[in-house]
Amino acid sequence: MRTITSKVFSPAIRIVVLMIITTGIAYPLLVTAIGQTAMPSQSNGSPVILNGKVVGSELISQSFTSAKFFQPRNDSASGVDPDITPDSAVSQIPAISGATGIPVNALKTLVDLDVARNKETNALVFTPDYVNVLNINVELVKQYPDVYAQEVSAKEVP
Amino acid sequence: MDIIILLVVLVGSLGLAVIFGRYMARLITYEKRPLEKTMGQVENGFYRIIGVDRYEQMTWKQYFLAIVITNVIAAGFLMAVLLYQNNLPLSPKPGLSLDLAFNTAASFVTNTNLQHYAGEQQLSIFSQMVGLIFMMFVAPASGIAAAFAFIRGFIRKEFGLGNFYVDFTRIILTLLIPVAFFSALLLLFLGSPQTLDSTITMGTLQGGVQTIPTGPVASLESIKELGSNGGGFFSANSSHPFENPNGISNVFECILMLVIPLSLPIAYAHLIGKGRGVSILAAMMIGFGVMLALGLSESSGPAGLETRFGSFGSTLFLETSVATNTGAANAALSGMSPNAVIGFFLGMFVQAIPGADGTGMMMMIIFVILTLFLVGLMVGKTPEFMSMKINPRDVKLAAFVFLIHPALILIPTVLAYTTGSAHDTLGATTPATFTQVLYEYSSASANNGSDYLGTLANTPFWNWSTAWIMLIGRYAPIGLMLAVAGSFTLRDRKEVVEPIKTSGFLFVGVLSVMVFVLTALTFFPFLVMGPFSI
C-alpha cells in the first residue's frame, strides 16, 4: 500500500516542483530579461517624453483639467482607454479653439495626423480610426509652447 | 477592413493549426519530431528527476488519477501562495480570504479563470507570476494530455493510453513554453509591459504625478490566450491597454486562442483518417461561425468598448474567447448587444465549437457518439464508430457527460435564487440580472471564465458554489471521457465500411444539427427567461 501511494504521489509532487521552476520562474524571468534589455520602453509602460521629461504612458489615459486640452472618455471598459474616436475629437475642436485661439483648421489637421499615425501603428487595417489623447495633446504643447506655457509649467519643480 | 481582420484571424489560426496539428500527432504516437535529439535529452532529464519510466503505459484509471493528483498538488500550491502572499517576496499584498483563495485556485487549475478578485490590486507579483503563470501552463497541458490519451484509446488496442507525466512534460516543454515565449516577445514589442515592479510612477502632461500598476504582463498574456486560460493580469482583462495594446495585438490574441483547439482535430485527422478529422473541424467551424454571425449581426457599444477595438474588434475577440472557453474579455460584457450575448451562451453550452485546449475536441467526439446513437436508432442500424461497436455503456457515459453540464448550470442558478444570494448581490430579479446569474454558472461549469459579476461575486456564496462547480465541471467529464476511451481501446475492430459514415458533408450537417438540437432542447427555456427577454 505504501509503495502504491508513493508511486502515485512522488512523481506528481516532483513534476509540480519542476514546472513551478520552469514555467513560473524561469520563463517569466527570461522574458523580463530580454524585454528590459531589448525593449526597455515597452517593458516599462511605453512612456511619452516631452522636453526630456516623462509626461505619461502612451497606453494609459490621464486626466486633463485644463480646457485647452483634448479630453479622454470618462466611461470605458478598462477605465484607462487612452483613445477617443475621431468624431469625439472633432466635436471638441471648437471649445479648444475658443480657449486657446488656435485656428480650427490647424486643430483638425492635428487630429487627422494623429489618426494617420495610429493607422500606421495598426498596419492600416486592424483597427477603426482613433485619436490618442496624450499624443495629440503633447503635439499641441510642442507646436504652441507659448499657449500652453502655464499648463505645463507646474512640472518645472524647483 | 473588418473582413480583412476576420480573414487574417481565420486563415492565421487554421494555417498555424495545420502545423501544430501535425506536431501534436507526432506527440501522440511518439513519432520522431524535428530536433528530436535535443528535445529528447531535455525530456529524459525531466523524466529522471520525476522518476518515471517513459515507456510505462497507464490504463484510463491510472491516467485520470495522475491528472487529478498532479492538479490537486498544483492547486494546493497556488492556494498556499494566495493565502500567504503577504509573507512572500515581490511586492507582497495581504493574503486572500480562504473562500477567495479556494475559488481562485479552483478557477485556475480547471482552466476556467473566473476572477472574483482584482488582479492588480489584490495579487502580488509573486502570486501573478509563480502562482498564476505556472498554473496557466498546468491547466491546458492537463487538458491536452487528456485529449492525447483519449485519441490513443481509439487508435491502439490493449496498449494503455500513454503516460500522463510524459505527455504533460512534452506538452509544456516542447509546445506551450516555446509558443508562449515567442508570443510574449511579440506582445512586448507591441506594447505589453514586462517588469518585476508592481507599479510605475510617471509624470503627467500638466505636471502631476501618476502611479500605474504594471508587472510581468506580456509573459502572462501569451499563455493566458494560448492555454485557453483567460485570467487577466488586470481586472479589466484584455480591454486594458497593457494586456492588449492595439489592433494587431487584438488579432494576434484571437489567433493564439484558436490555434490549439483547432490543431487537435487536425492531429486527429492525421491519426484516424483525414475525412473524419476534417469533418470534426468543419462542425466546430460551423458552430463558431454561428456564434460570430450572431455577434456581428448587431452593433455593440460604444459604451463599455475600447475605442481602439470598436464594435467589430470587440465582438470578434469576445466570440473567439468564449468559443474557445478562454473567457478573456477586451470589452465589458454589459456593452455587448443581446445577440452577441446569445452567441456567448451558445458557445458555453456546447463547449466544443471549438472549445478549450483538449477538452473541446473530446466534447465534440462525445457529440459524435451521441449523434451516431440517435441516427442509428432512426435508421435501425447498430451504431459503430471507427469500426468499433458502440455499446450501451458508451452511450450512457456520453449522455452523462452531456447532462452534467446543464445540471451544473441550472441547479445552482435556482439555488442562487432560492437562497436569496442572487438578490443580495444583484438586487431585483429582472431578465438582465437573471442573465448574469445564468451566465456566471454557465461560465463556471463550462470552465470558461468570462463573467459579468467580477469582484461583485467575491462573497462566500459565489466563491464556494462556483469553485465546486468548476471542479466538478472539469474532472467529471474528463474522467468519463477517459472511461469511454478506456473501453474502446479494449474493443475488437474490423476493417469494414461504417454503417453510418463519420465523415463527409452529410455527416457534418447531421452532427451540427444534432449539437444544436440537443443544446437548444436543454437550455432554451432558460434563455427565454434571460437574454431573449432583455
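Which domains does the domain assignment give for chain B? Domain 1 covers 2-201 + 212-274 and domain 2 covers 347-533, with bounds that come from an automatic or database domain assignment. This is a predicted model, in which local features need pLDDT of at least 70, side-chain atom pairs count only at pLDDT 80 or more, and totals for chains, interfaces and linings use all residues. Residues are numbered from 1 along each chain as its sequence is written, while chains are lettered from A and ligands numbered from 1 in the order in which they are written.

**Domains of chain B**

- The centres of domain 1 and domain 2 of chain B, taken over C-alpha atoms, are 23 Å apart.
- In chain B, 47 residues of domain 1 are in contact with 42 residues of domain 2 (contact: C-beta atoms, placed from the backbone, lie within 7 Å).
- On the domain 1 side of chain B, α6(B) gives the most, with nine residues (helices are DSSP runs of H or I, at least four residues, and strands are runs of E, at least two, numbered from the N terminus).
- This side of domain 1 of chain B has 26 nonpolar, 17 polar and four charged residues (Ala, Val, Leu, Ile, Met, Phe, Trp, Tyr, Cys and Pro count as nonpolar, Asp, Glu, Lys and Arg as charged, and the others, Gly among them, as polar).

**Chain B against chain A**

- Contacts link 70 residues of chain B with 67 residues of chain A.
- Helix α7 (residues 164-190) of chain B gives the most to the chain B side, with nine residues.
- That side of chain B, touching chain A, divides into 47 nonpolar, 21 polar and two charged residues.

**Hairpin in chain A**

- Strands β1 (residues 47-50) and β2 (residues 53-57) of chain A pair in the antiparallel sense over four bridges (pairing requires at least two bridges found by DSSP).
- Two residues lie between β1(A) and β2(A) in this hairpin, and A:N51 in the turn has a positive phi of about 50°.

Terms used:
Contact = placed C-beta atoms within 7 Å.
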